[in-house]
Amino acid sequence: QVQLVESGGGSVQAGGSLRLSCAASEYTYDSDCLAWFRQAPGKEREAVATLYVGNNNAVYADSVKGRFTISRDNAKNTLYLQMNRLQSEDTAMYYCAAATGLHSLLCSVRFPDTFTTWGQGTQVSVSS
């Protein structure tokens, strides 16, 4: 099973930027769906962005649309989340996740339960 390792978290002031990385231990396939989730203390886990490997189609949660960008470098087996114009509400533990063998229509923040592989998480703290 693929292993995922996140990095790039940290502390930043509101309005700043961070880029998270998620290194995968194995090559990803066209039917794989990759995602970033986050969970703040006392809140439910939230799917932030998804990316379908086969067509690079990205879907974003409304809360981050226009500020965050999910992307991947296939040669490096690495998934990224570029986070701009960060707000205090973005403070959370961020996790990358993967699901295999999905139809592209199921690769979406609307279907968070499809993900079966998870990283350990990286903390993002935004101060106002």
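**View 1. Strands β4 and β5 run antiparallel in this predicted model.** The two strands, β4 (residues 33-39) and β5, are joined by 6 bridges; strands are DSSP runs of E with at least two residues, numbered from the N terminus, and two of them pair if DSSP finds at least two bridges between them. Look for Leu34, which stands opposite Leu51 in β5. The hairpin has 6 residues between its strands, and Gly42 takes a positive phi near 80°. Residues are numbered from 1 along each chain as its sequence is written. Local features need pLDDT of at least 70 and side-chain atom pairs count only at pLDDT 80 or more, while totals for chains, interfaces and linings use all residues, and side-chain values use heavy atoms, without hydrogens and water.

**View 2. Strand β5 also pairs with β6.** Here 4 bridges link β5 to β6 (residues 57-60), again antiparallel, with Thr50 opposite Val59 in β6. This hairpin has 4 residues between its strands, and Asn56 in the turn has a positive phi of about 60°. Of the 7 residues in β5 (residues 46-52), 6 are buried, meaning under 20% relative accessible area with a 1.4 Å probe, protein chains only.

**View 3. The largest pocket has a volume of about 220 Å³.** A pocket is an open set of points on a 1 Å grid over the protein atoms alone, where a 1.4 Å probe fits, with protein on both sides within 12 Å along at least five of seven lines; lining residues have an atom within 4 Å of a point. The volume is the space filled by probe spheres set on the points, which are joined across faces, edges and corners. Among the 20 lining residues, Leu4, Ala24, Glu26, Thr28 and Leu34 are the closest to the centre. Strand β9 gives the largest share of the lining, 3 residues.

Technical notes. Buried means under 20% relative accessible area, exposed over 50%, partly exposed in between (1.4 Å probe, protein chains only).
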